[in-house]
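Me: I would like to go through the labels used for this model and ask what stands behind each of them.

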Amino acid sequence: MANNTTGITRIIKAAGYSWKGLRAAWINEAAFRQEGVAAVIAIGIACWLDVDPITRILLIGSVVLVMIVEILNSAIEALVDRVGTDYHELSGRAKDMGSAAVLIAIILAVATWATLLWSHLR
């Protein structure tokens, strides 16, 4: 079905769909809630730290990346679950790969924070 909405109406509708997605992730995904709370705390700390703007952007960006990857992982899981609840090797592989992507994003965030804070505190 083609969407013929254009202009500001399309932007408003897209924002509404995005809000629905964020709400769905918050309501249905415990990992997203946990990472969301951690992200708010981390972003608060990044804003409070006396660091240069590039360091602040890297600290915040690494945390936001984790949130983005978690939303994509949740979308993959929801789609796989919608297709069927029976075990299938490819479904399991898709879920595992999504989970691996979240893990890599978290490792990147931790490494970014450790490296930048270590260089800042020395």
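Reply: Helices (H or I, at least four residues) and strands (E, at least two) are DSSP runs, numbered from the N terminus. By that rule the chain has four helices and zero strands, and its elements run α-α-α-α from the N terminus on. The model is predicted: local features need pLDDT of at least 70, side-chain atom pairs count only at pLDDT 80 or more, and totals for chains, interfaces and linings use all residues. Residues are numbered from 1 along each chain as its sequence is written, and side-chain values use heavy atoms, with hydrogens and water left out.

Me: Why is F32 counted as buried?

Reply: Buried means under 20% relative accessible area, exposed over 50%, and partly exposed in between (1.4 Å probe, protein chains only). F32 has 6% relative accessibility, so it counts as buried. Buried residues make up 24% of the 122 residues in the chain.

Me: Why is W26 called partly exposed?

Reply: Its relative accessible area is 41%, which lies between the 20% and 50% limits. W26 is therefore partly exposed.

Me: Why is the pair of W26 and F32 called edge-to-face?

Reply: Rings of Phe, Tyr and Trp (its six-membered ring) pair if their centres lie within 6.5 Å; planes under 30 degrees apart count as stacked, over 60 as edge-to-face and the rest as tilted. A search of the whole structure finds one aromatic pair. The ring centres of W26 and F32 are 6.3 Å apart and their planes stand at 85°, so the pair is edge-to-face.

Me: How do you know that W113 is buried?

Reply: W113, in helix α4 (residues 89-121), has a relative accessible area of 14%, so it is buried.

Me: Which residues does W113 touch, not counting residues up to four places away in sequence?

Reply: Contact means heavy atoms within 4.5 Å. With those sequence neighbours left out, W113 touches A42, I45, A46, L59, S62, V63 and W118. From W113 to L58, 55 residues apart in sequence, the C-alpha distance is 8.4 Å.
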